[in-house]
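The sequence and the model come first.

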Amino acid sequence: MTVVSVRSPGASCPGASRCGHSPDDREETAMHDHAHGPLQHPRHDHRKLGRELGLFDTDPLIGAGLPYWLPDGAAVRHALEEYIRDAERRAGYRHVYSPVLGKRELYEISGHWAHYSDDMFPPMDLGGEQVVLRPSLCPHHALIYRSRARSYREMPLRMAELGGMYRSELSGVLGGLTRVRAIQLNDAHIFCTLEQVAEEARAALGMIRRAYEALGVVPARYRLSLPGPGGKYVDAPDLWRRSTALLTEALDRSGLPYEAAEGEAAFYGPKIDVQVRDGAGRESTLSTVQVDFHQPERFDLRYVGADGARHRPVMVHRSIVGSVERAVAHLVERHGGAFPAWLAPTQLAILPVSDTEVPAADALADRCTALGLRVEVAPPDRGSLGARVRAARLVPYQAVLGARETAEDRLALRLRDGRRPGSLPVDEALDRIGALVRAHSTALWDD
Ligand SMILES: [Zn+2]
């Protein structure tokens, strides 16, 4: 099997694009910039909102495309990462950690060195060896798979990692969280038999659908990304037919409407891409599911079958939310900073009416923190009650604490959407908020 060339920068990564976990949507962004005219409303620009809301920032001394996350941004990211890890645990994935560096030789085997080195950081010479910052996680996972003899009884073997990868984007195109040089990828590889592929792909689509519900994300469309005329793809027509048939079967079993798109496949295989749209209507890929016969060959992966013979596994690459950076950027724009309660940096704002209630507000904050809620007290020295209510307008829950609430251990709750559930005993109010948060609900209240 030969890898001849690649059709475009976006499809050139045998890892990021191979996985299709690539946060790279250069082509699509470029295409849609023109179609949708004016730039998005500033309110829905994650770069502007990210700074205003204190989520992330950059420093020229750290470098372009290398944002750091402030505490509120880190809280959102942490909630997202925990959701993903938990969803993966429940779906039978085992998590691994692997280093962000690898020897040049590793990427020569995977094909990155030949086809993707332009997007990789230059190698570092270390005692006669060359090591590089990795452009994808797949090669490390293939080696972890290969580190033990594998049996068909272990299949499907689901390996997941939220891991770092790097892309040497040019500084001119860097910005916010969507064009970065350091990427944290929600990645997973399922090593399975040919018979298990369609079911694993269908299950991955189910995880994506549930995650979107929890995140309040609406898919623009599901795309079956196929090779197109003129493109230079891995020359293995039979493998292309088989992987396309498997992905089609997974889509059909899921009952999802989808569109086939020629010219959008990775150079080594077709993929299912879940497309989302930003505030300006620009489309990008958030999630993907891919079937890969190529990498198992490159790394000579095997398992012992029920017949006692050695067989080649298939690799299903899948990502629920793509890169954490791109996912948070999309969430910021999608919600305009008004995140679902379980993601919100501050979930409950406590507003004491006067200085008299400040000690009670602090005690209430401690109670909330002990329950795992993210809470902030906004005392009277920050302004009038009205001003503090406005300042906390993106916080899902606000509790105004006056003399009566303090005396009776009750909360006068206001919801971000303007509803007022009324005065409730503190325990009941916190129970109900906690239940909605634990359920990853996008609803602010259960009436
Ligand atoms: Zn992969």
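The structure is a predicted model, in which local features need pLDDT of at least 70 and side-chain atom pairs count only at pLDDT 80 or more, while totals for chains, interfaces and linings use all residues. Residues are numbered from 1 along each chain as its sequence is written.

**Overall make-up**

The protein chain has 15 helices and 20 strands, these being DSSP runs numbered from the N terminus (helices are H or I with at least four residues, strands are E with at least two). Of its 447 residues, 43% are buried, where a residue is buried if 20 or more other C-beta atoms lie within 10 Å of its own, exposed if 12 or fewer, and partly exposed in between, with C-beta atoms placed from the backbone. Among contacts in the chain with a separation of 6 or more, 73% are between residues 24 or more positions apart; two residues are in contact if their C-beta atoms, placed from the backbone, lie within 7 Å.

**The eight-stranded sheet**

Strands of a sheet pair through backbone hydrogen bonds, either parallel or antiparallel. Eight strands form an open sheet in the order E3-E7-E8-E15-E12-E11-E9-E10, and the pairing is mixed; two strands pair if DSSP finds at least two bridges between them. The edges are strand E3 (94–95) and strand E10 (258–262), each of which pairs on one side only. Helix H4 packs on this sheet, where it touches E3, strand E7 (157–166) and strand E8 (182–192), and its direction makes about 155 degrees with that of E7. Such angles run from 0 to 180 degrees between N-to-C directions, and axes are lines fitted to C-alpha atoms, for helices over the stretch in contact.

E7 and E8 run antiparallel and are joined by 10 bridges, with Met-165 having Ile-183 of E8 as its bridge partner. E8 also pairs in the antiparallel sense with strand E15 (residues 314–319), over five bridges, and here Ala-188 stands opposite Arg-318 in E15. Because nine of the 11 residues of E8 are buried, this strand is largely enclosed by the rest of the structure. Elsewhere in the sheet, strand E11 (residues 271–277) and strand E12 (residues 283–292) run antiparallel and are joined by seven bridges; the partner of Gln-275 in E12 is Thr-285.

**The five-stranded sheet**

A second open sheet has five strands in the order E17-E16-E18-E19-E20, again with mixed pairing. Its edge strands, each pairing on one side only, are strand E17 (375–377) and strand E20 (422–425), and the twist averages 30 degrees from one strand to the next. Strand E16 (residues 348–352) pairs with E17 in the parallel sense over three bridges, and Ala-349 has Glu-376 of E17 as its bridge partner. Helix H15 (residues 426–438) lies across E16, strand E18 (397–401), strand E19 (410–415) and E20, and runs at about 100 degrees to E20.

**Helix packing**

Two packed helices are described by the angle between their axes and the distance between the axes.

| Helix pair | Angle | Axis distance |
|---|---|---|
| H4 (residues 71–90) and H11 (residues 324–335) | about 115 degrees | 11 Å |
| H8 (residues 197–215) and H9 (residues 237–254) | about 50 degrees | 8 Å |

H4 is therefore roughly perpendicular to H11, whereas H8 and H9 are oblique to each other; angles under 35 degrees count as roughly parallel, over 145 as roughly antiparallel, 65 to 115 as roughly perpendicular and the rest as oblique. The contact of H4 with H11 is made by Val-76, Arg-77, Leu-80 and Glu-81 of H4 and by Val-324, Ala-327 and Val-328 of H11. These residues divide into five nonpolar, no polar and two charged, where Ala, Val, Leu, Ile, Met, Phe, Trp, Tyr, Cys and Pro count as nonpolar, Asp, Glu, Lys and Arg as charged, and the others, Gly among them, as polar.

**Backbone details**

A cis peptide bond, with omega about -5 degrees, joins Met-155 and Pro-156, and Pro-156 is found in the loop between helix H7 (138–146) and E7. Asp-409, although not a glycine, has a positive phi of about 55 degrees; Asp-409 lies in the loop between helix H14 (403–408) and E19 and counts as exposed, with 11 C-beta neighbours inside 10 Å.
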